[in-house]
Amino acid sequence: MLSSALRRTVPHVDDASIDVLIVEDHQMVAHALADALTASDSFTVMGAVGTTAEALALVPAVLPQVVILDVRLADCDDSTAVIPDILTLSPNSKVLVLSAWGDDWSVSRAVEAGCHGYLLK
């Protein structure tokens, strides 16, 4: 459970878990993320997909609170291009970009596309 102080600073969080969709084409990384998140009662993994096409098909069905999006996927070298589409399909979702690249250009591109956070692998 999240502390009451944290729940006050994050308006949409209550005692229920946070619904997460993982978009990652490396199965080992996707499984590790899912295992880490589900080890806590604070998160529920709604699905894990490996392409932007699969993500765009699943987002409106599950309406995740958080989408963890790998920046490079098998079907897309720059998945930040689909962030506006994700937010159109699920306006209340928060998109966190996951990347091995921490250079200014990559981070700026993700922020300009509308991501809510940028995580380094």
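I began with helix H3 and looked up its cover: S1, strand S2 (43-49) and H4 are among the elements over the buried residues of H3. I take contact to be heavy atoms within 4.5 Å. Helices (H or I, at least four residues) and strands (E, at least two) are DSSP runs, numbered from the N terminus.

A note on the source: this is a predicted model, where local features need pLDDT of at least 70, side-chain atom pairs count only at pLDDT 80 or more, and totals for chains, interfaces and linings use all residues. Residues are numbered from 1 along each chain as its sequence is written, and side-chain values use heavy atoms, with hydrogens and water left out.

Which residues of H3 are buried? I found Thr 52, Ala 55, Val 59 and Val 62. Buried means under 20% relative accessible area, exposed over 50%, and partly exposed in between (1.4 Å probe, protein chains only). These four cover an arc of only 100° around the axis, so they sit on the same side of H3. The arc is taken from the directions from the helix axis to the C-beta atoms. An α-helix has 3.6 residues a turn, so residues three or four places apart point the same way. On the other side of H3, I noted Ala 57 and Ala 61 as exposed. Leu 63 follows H3 and has a positive phi, near 45°.

**Entry: the nonpolar cores**

Next I looked up the cores, each a set of buried Ala, Val, Leu, Ile, Met, Phe, Trp, Tyr and Cys residues joined through side-chain atoms within 4.5 Å. The largest nonpolar core has 18 residues, and Val 23, Val 67, Leu 69, Ile 83, Ile 86, Val 95 and Val 97 have the most contacts inside it. S1, helix H3 (52-62), S3, H4, strand S4 (94-99) and H5 each give two or more residues to this core. I also found a second, separate core of 9 residues, which includes Ala 30, Val 66, Ile 68 and Leu 98.

I then checked Val 23. Leaving aside neighbours within four places in sequence, Val 23 has contacts that include Val 49, Ala 55, Val 67 and Asp 70.

**Entry: salt bridges**

How many salt bridges does a search of the whole structure find? I got 3, a salt bridge being a side-chain nitrogen of Lys or Arg within 4 Å of a carboxyl oxygen of Asp or Glu.

Lys 121 and Glu 24 meet in one of them (3.3 Å, N to O). Lys 121 lies in the segment after strand S5 (117-120), and Glu 24 in the loop between strand S1 (18-23) and helix H2 (27-38), 97 residues apart. Asp 70 also forms a salt bridge with Lys 121, with the closest N and O atoms 3.4 Å apart. Asp 70 is in strand S3 (residues 66-70), so this pair ties together parts that are 51 residues apart in sequence. Lys 121 is partly exposed at 48% relative accessible area, whereas Glu 24 is buried at 3% and Asp 70 is buried at 3%.

Arg 109 pairs with Asp 78, the closest N and O atoms being 2.3 Å apart. Arg 109 is partly exposed at 35%, while Asp 78 is buried at 19%.

**Entry: Ser 79**

Is Ser 79 buried or exposed? I found it buried, at 0% relative accessibility. Ser 79 is in the loop between S3 and H4, and a polar atom of the Ser 79 side chain lies 2.4 Å from the backbone oxygen of Asp 70.

Methods. Polar contact = N/O pair within 3.5 Å; in protein donor to acceptor, adjacent residues only side chain to side chain.
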